[in-house]
Amino acid sequence: HISRANREKEKIMGKTVKLTGIRKIIAQRMGESWNTAPRVVYTLSVDMTKTLALIKKLNEGNEDKTKKVTANHILMKACADAMAEYEYVNSSVTEEGIEIHDEINIGLAVAIERGLIVPSTKNVGNKDLKQIAEETNELVYKARHNKLDMDDITGANFNISNLGMMGIENFSHIITLPEVAILGVTKIVDPPVVEYGHLVITLKMHL
């Protein structure tokens with residue numbers, strides 16, 4: 001085990017890994033955002049019990065993975081509804097002022113071998129849950145198979161970053177400029193809580 005660990009260390013120590021392509025672009029944009037955009041973070045714990053039950057019901061009898069509804073799609077729909085009501089979330093800050101967009105395009109961060117990429121599902125505000133799921137699932141597939149085109153990765157007005165599947169319970173979010181907000185999503189946990197004087201187990205997610 002020790003010799004194997006040493007061999008693994010030899011692979012990554014004493015080298016300079018050149019930043020090229022998408023990794024270089026990601027590094028530049030994240031650095032620009034971190035140094036430019038002021039960040040105020042609000043955290044809310046939400047009960048996911050009914051949401052998970054709804055997802056299970058929507059996916060009953062559906063073996064086609066391209067049409068599966070997930071918590072991400074529910075969140076995208078909920079965010080689109082909120083953005084329609086609170087239009088400043090669906091905006092960009094420019095030299096001329098605050099540009100409020102006429103479409104609600106939402107990016108969903110996808111982990112790939114070279115890092116994170118954020119394909120954009122267009123016009124989410126005018127689509128139902130089924131359409132959102134199918135289009136987003138197709139974009140995720142294209143991202144993981146290196147088939148995205150420029151239109152797929154541009155035009156988002158708001159991003160969702162879900163690290164729940166990695167077991168993350170809290171993390172720092174970096175806004176993608178020129179967007180003004182991002183939603184961070186963490187793992188679902190089942191802490192005991194007191195409701196109406198009774199101890200119950202609920203399924204909670206931190207947003």
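User: How much accessible surface does the protein chain have, and what share belongs to carbon and sulfur atoms?

Analyst: The accessible surface of the protein chain is about 14000 Å², and 55% of it belongs to carbon and sulfur atoms. The model is predicted: local features need pLDDT of at least 70, side-chain atom pairs count only at pLDDT 80 or more, and totals for chains, interfaces and linings use all residues. Residues are numbered from 1 along each chain as its sequence is written, and side-chain values use heavy atoms, with hydrogens and water left out.

User: Why is Glu-95 called exposed?

Analyst: Residues are buried under 20% relative accessible area, exposed over 50%, and partly exposed in between (1.4 Å probe, protein chains only). Glu-95 has 82% relative accessibility and therefore counts as exposed. Glu-95 lies in the loop between β2 (91–93) and β3 (98–100); strands (E, at least two residues) and helices (H or I, at least four) are DSSP runs, numbered from the N terminus.

User: What makes the surface around Glu-95 a patch of negative charge?

Analyst: Glu-95, Glu-96, Glu-99, Asp-102 and Glu-103 gather there on the surface. Asp and Glu count as negative, Lys and Arg as positive, while His and the chain ends are not counted. A patch takes residues with over 30% relative accessible area and no salt bridge, joining like charges within 9 Å and nonpolar side chains (Val, Leu, Ile, Met, Phe, Trp, Tyr) within 5 Å. A salt bridge would be a side-chain nitrogen of Lys or Arg within 4 Å of a carboxyl oxygen of Asp or Glu. The place of a charge is NZ of Lys, CZ of Arg, CG of Asp or CD of Glu.

User: Why is Lys-142 called buried?

Analyst: Lys-142 has 17% relative accessibility, so it counts as buried. Lys-142 belongs to helix α5 (residues 129–144). Beyond residues up to four places away in sequence, Lys-142 touches Lys-147, Leu-148, Asp-149 and Asp-152, contact meaning heavy atoms within 4.5 Å.

User: Why is Ala-156 buried, and which residues are in contact with it?

Analyst: The relative accessible area of Ala-156 is 19%, and the residue is therefore buried. Ala-156 sits in the loop between α5 and β8 (158–162). Leaving aside neighbours within four places in sequence, its contacts are Asn-105, Ile-106, Gly-107, Ser-120 and Glu-179.

User: What percentage of the protein chain counts as buried?

Analyst: Of its 207 residues, 32% count as buried.

How values were computed: Accessible areas come from the Shrake-Rupley method with a 1.4 Å probe; for residues, only the protein chains shown count as cover.
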